[in-house]
Amino acid sequence: MGVGYSSCSSLSLSFPSSTCSFSYCPTTSNSKTTCTFSDKSHSNHLLSKPTSKFLQTHIRKLAQKTIGKAPSSAPFFLRCGRVVEQMETQKGNDFLQKPSFDPHSIDQELVQKIAYDALVWSSLHGLVAGDRNSQRSGKVPGVGMVHAPIALLPMSFPESHWKQACEVAPIFNELVDRVSLDGNFLQESLSRTKKVDTFTSRLLDIHSKMLEINKKEDIRLGLHRSDYMLDEQTKLLLQIELNTISSSFPGLSCLVSELHRLLLLQFREHLLLDPERVPRNNAVNGFAEALAKAWTEYNNPRAVIMVVVQPEERNMKSLAEIDATGELQADGTLLVGGEAVAVVYFRAGYAPTDYPSEFEWRARLLMEQSSAIKCPSIAYHLAGTKKIQQELAKPGVLERFLENKDDISKLRRCFAGLWSLDDLQIIKDAIERPGLYVMKPQREGGGNNIYGDDVKETLLRLHMTGNQEDAAYILMQRIFPAVSPAILMRDGISHRDQTISELGVYGAYLRNKTKVIMNDNCGYLMRTKVSSSNEGGVAAGFAVLDSIYLV
C-alpha cells in the first residue's frame, strides 16, 4: 500500500488493481469513501467494503494527524492514483498569465508552508535520494534516504522553445541510430582521441572487435536525453550535449512536475499561477514502454531485462558480477546467473571509475558479443561522445546521415559553436577570451569541464607540451542563459538565490531491422543551479531538480 499526502488538500492511497476515493472535511468530520476493483481476484480485499470500519477509522486518524498546519477551513481530499490527473481545470479568471514570476517576492511564512507540504509529499511519493551522510545509504534498501534536491516552484520557460526541443527529439533519435551504423565514421572521428584518452580507446577497441566479426544489432534501443540552455543574448535554444547512455532522472523528473502542479493548485490564491502551464511529464512511462517493447521484440518470454548498476545498489547487477556469473551460449544468448537476458540497460559504464579492473571490461565485451539488446550498444555509446557531437556540427556532416533538409535545418538551429583543438584560429581566440569558451573532455556525469582562466592555462600547457593530448578535448561556445530568482531546497532547508537552468528532453527509439517501432520524445528534465556555478549535475551536487512553467 502506498500513501501520498499533501497537508492542505491531498492524500492518495493506491492498492493493486483498484480505484478508491475518500474525502474528509476537518471542520465537519463528514466523510465519504468509495472503492471499486477492476480485478475480481481482489474482491475479498479488506478495502472491498466501502463501509469498512478499519478504513474509515484509520484514514480519519491519518487525516487528522497529518493535516498539520493546514487552515481549518481547507477540505482534505484523498484520491487513488495520480493526484494531478484528478485535478479539475480552474475556471474563470483566478489565474494570471504573468510573463514572469518572482518567487523571491513570496513572504517567508508562505514559503515555509509550501516547503512543508513539498517535503511531506516528496517523502510519501518517492521523491527521495540516497543520503551521502549516511554510511548505510546504498547498502541497505530504503535506509539513508532524504528528499531529492528540488526547486520549490517551477521555472518560467518560453513555450515556443519548449515545443522546439520536443520537436527535434525524434530527429536526434534517428540521427544517433544512423551514426551508430557508420562504423568507419565513429572510428575515424575518434582516432586522435583514442591515442590520448585510455577510456575512449577501450570503448573503441570493443567497437572495433564488433566490426571485425561483422556483428549486427538488428534490434536497436536508445533511451536518450538532449540537454539545452536558452542563450539570453541570441534568444536561441542551444544544445549542451546529447546523452546516449544512462540518461538520468526520468523517474524523479516526473515526480517534480507532479509536485509543482499540485503546489500551484493548492496555493493558487497566493501564487496566481495556472498548474496546467506545467507540462505533464511522461518520461518514466516512456522509458518503461520502450524497454517493454524491446523485450517483446527479443521474443523470448523466459528472458529478463537486466539493469547494470554501480556497486552497492540492490536487486541489480554490477559489471563485476556480470563477469563472474555471465556466459555466452553458442547461439549468442547471454546468460547471467543462469537467466537468459533479453535487454541490458546501462545505468553504469559511462565513466572510467566504472571499470576499476579487467573484470568490468571483460563483462562489457561479453554483453556486446551477445544477442541481447543493449541500451546503449557500444556504437550508440560512442555516438554520444563530445567529439562526435563536434564532428556532426561541421558543415555538410549531417547530410551524410539525414536526407530531409527540413530536419537538418531544425537540428542545426540547436547547435552551439563546436571546435576541435586543431583549429588554430579558435585556439588563439580562446586564449585571448577564455570566458567565451568551455573545454570538454570525453566524459559524462558532471564535474569534468574547464571554464574561465583555466581554459587559457590548459590551452597554453597543451601548446607547450606539444603532444597530442589536445585530442582528448573539444572547445564549445559558452552559453549565457538568463539569470532568474528561485527558491532551492536541500536537506529540508530552503534558500533564495539567483539561478540558471538547463532543459533536457528525453527520447525513446526502438528499431527492428528496417521497422521503426518507437521514436518519440517522452518527457523532460529541468535542472536549476545557482548562477555562480559552472557545473550542472544533480547527483554531483551542483544543481536541483525542477520543472518548467510555460510562458
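Author: Let's begin with a cut-off: a residue is called buried if its relative accessible area is under 20%. Please keep in mind that this is a predicted model.

Reader: Why is W361 called buried?

Author: The relative accessible area of W361 is 8%, and buried means under 20%. W361 therefore counts as buried.

Reader: What makes F199 count as buried?

Author: F199 has 6% relative accessibility, to be set against the limit of under 20%, so F199 is buried. Y355 is buried as well. Across the protein chain, 52% of the 551 residues count as buried.

Reader: Why is the pair of F199 and W361 called tilted?

Author: Two values are needed, as a pair of aromatic rings is described by the distance of the centres and the angle of the planes. Rings pair if their centres lie within 6.5 Å, and F199 and W361 are 5.9 Å apart centre to centre. Their planes make an angle of 50 degrees; under 30 would be stacked and over 60 edge-to-face, so this value falls to tilted.

Reader: What does the pair of F199 and W361 tie together?

Author: F199 is in helix α6 and W361 in helix α11, so the pair joins parts 162 residues apart in sequence.

Reader: How do you know that F199, Y355 and W361 form a cluster?

Author: Ring pairs link them. Besides its pair with W361, F199 forms a tilted pair with Y355, at 5.8 Å centre to centre and 50 degrees between the planes. Y355 sits in the loop between β16 (339-346) and α11 (358-369), 156 residues from F199. In total, the structure holds eight aromatic pairs.

Reader: Which residues make the contact?

Author: From α3 come E167, V168, I171, F172 and L175, and from α14 come D407, K410 and L411. By class, the contact of α3 with α14 has five nonpolar, three charged and no polar residues.

Reader: And how many helices and strands does the protein chain have?

Author: The protein chain has 16 helices and 25 strands.

Conventions: Residues numbered from 1 in each chain as written. Predicted model: local features only at pLDDT ≥ 70, side-chain atom pairs only at ≥ 80, totals over all residues. Heavy atoms only, no water. Contact = heavy atoms within 4.5 Å. Helix = DSSP H or I, 4+ residues; strand = E, 2+ residues; numbered from the N terminus. Nonpolar A, V, L, I, M, F, W, Y, C, P; charged D, E, K, R; others polar. Buried < 20%, exposed > 50% of the residue type's maximum accessible area, 1.4 Å probe, protein only. Phe/Tyr/Trp six-rings, centres within 6.5 Å; stacked < 30°, edge-to-face > 60°.
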